[in-house]
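Open your viewer, get ready to select residues, and follow the stops below.

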Amino acid sequence: MPELPEVEALCRSLDEPVSAAPIEHAGPTHLATLKTVEPPLRALEGRRFAGAARRGKRLLFPSDDGKLVLVVHLMSAGRLRMLPAQKRGPTAPAFQLVFVGGSRLVLTEPGKRKRAGVWLLAPELAENQLAHLGPDALGLEPATLALLCKGERRRLHGFLRDQRVLAGIGRAWANEILHAARLSPFALAGNLDAEGLGRLAEAIDAELRRGINLREQSLSNEDVYRVHGKLDQPCHVCATSIARISFEEHTIYYCPRCQTGGRKLADRRLSRLLK
Ligand SMILES: [Zn+2]
C-alpha cells in the first residue's frame with residue numbers, strides 16, 4: 001500500500017503536469033471508483049488544476065478557481081500516473097482525465113475489487129471529509145508527538161498506523177520507523193520516556209524523508225525497505241536476523257536485538273490458537 005513517502009513522491013511528480021493544461025474531458029470512471037455524484041465529474045471540464053497536494057495518504061487536486069477539489073485515495077492497489085499524448089493507455093481505466101493537448105491522468109487498479117476512491121468536492125466539503133485525520137506525519141514537531149503519546153494505552157505499531165492520530169504512516173513505514181528508533185512495536189506509546197520520544201520523533205522525520213528521497217528516484221520496495229518484508233535477512237545495523245510476528249491482522253517485522261532487548265516475541269495469533 002502506498003504510504004506517505006510514496007504518495008508524496010507521486011504528488012511532487014504530478015504537481016507540474018496536472019496544472020500544465022485545462023481539463024478537456026473527465027471520464028470514464030468505474031462506478032465503484034467515483035464516490036461522489038454531485039457535482040458531476042464533467043464540472044471539471046474547462047477548469048485547470050492549481051497543482052497537486054497531499055494530506056496523509058490522500059492526493060488532492062484543487063481547481064485553480066478555488067471551486068472544486070478532486071481527492072484521490074489509492075488504497076492498497078491503485079496506481080495513478082500521467083500519460084503523455086499519443087501514449088496508449090489502459091482500455092478500461094478506473095478513472096481518467098484528459099487534458100487539452102492530449103495528456104491524461106489515469107487511475108488503474110488491477111483485480112475485480114475496486115477499493116481506490118475518487119471524490120469531487122467543494123473545498124469546504126473536502127475539508128470536512130479530511131477533518132478526522134491527525135496531523136501530517138511529515139514535519140511533525142517533537143512536542144506534538146509527545147502530546148499525542150501522552151496517556152496513550154495502545155502499542156506503538158498500531159498507534160503510529162492510526163490515521164486519526166497521525167496521518168500518513170501504514171504498516172511498512174511503522175516497521176521502518178520503529179526499527180530506526182530502536183523501539184519495540186509492542187511498547188505502549190504512553191510509556192515512552194523523554195529519550196524514547198526524542199528517538200521516535202527523529203526516526204519518523206528521518207525515515208519519511210529517506211522514503212520520499214528513494215521513491216523520487218523510483219526505487220523498488222526491495223531497495224527502499226530495510227526491515228519491512230525482510231524476514232530472516234540480516235539487520236542492517238547489527239546483522240541479527242529480522243523477525244516477524246502477526247498481531248491483530250498485521251504482520252510486523254522487527255530486529256530482536258535492536259528493538260526488543262534480544263527477545264523474540266511470541267506470535268499472539270498462534271499462541272491464542274494453541275490455548
Ligand atoms: Zn538489529
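A residue counts as buried when its relative accessible area is under 20%, as exposed when it is over 50%, and as partly exposed in between (1.4 Å probe, protein chains only). This is a predicted model, where local features need pLDDT of at least 70 and side-chain atom pairs count only at pLDDT 80 or more, while totals for chains, interfaces and linings use all residues. Residues are numbered from 1 along each chain as its sequence is written, and side-chain values use heavy atoms, leaving out hydrogens and water.

Rings of Phe, Tyr and Trp (its six-membered ring) pair if their centres lie within 6.5 Å; planes under 30 degrees apart are stacked, over 60 edge-to-face, and the rest tilted. Searching the whole structure gives 3 aromatic pairs.

**First stop: F49 and F99.** The ring centres of F49 and F99 are 6.4 Å apart with planes at 65°, so this pair is edge-to-face. F49 sits in the loop between β1 (23-29) and β2 (53-55), and F99 in strand β6 (residues 95-99), 50 residues apart. Strands (E, at least two residues) and helices (H or I, at least four) are DSSP runs, numbered from the N terminus. Both F49 and F99 are buried.

**Next stop: W173 and Y225.** Here the centres are 5.7 Å apart and the planes at 65°, so W173 and Y225 are edge-to-face. W173 belongs to helix α5 (residues 171-180), and Y225 to the loop between α7 (221-224) and β9 (243-247). Is W173 buried or exposed? Its relative accessibility is 0%, so W173 counts as buried.
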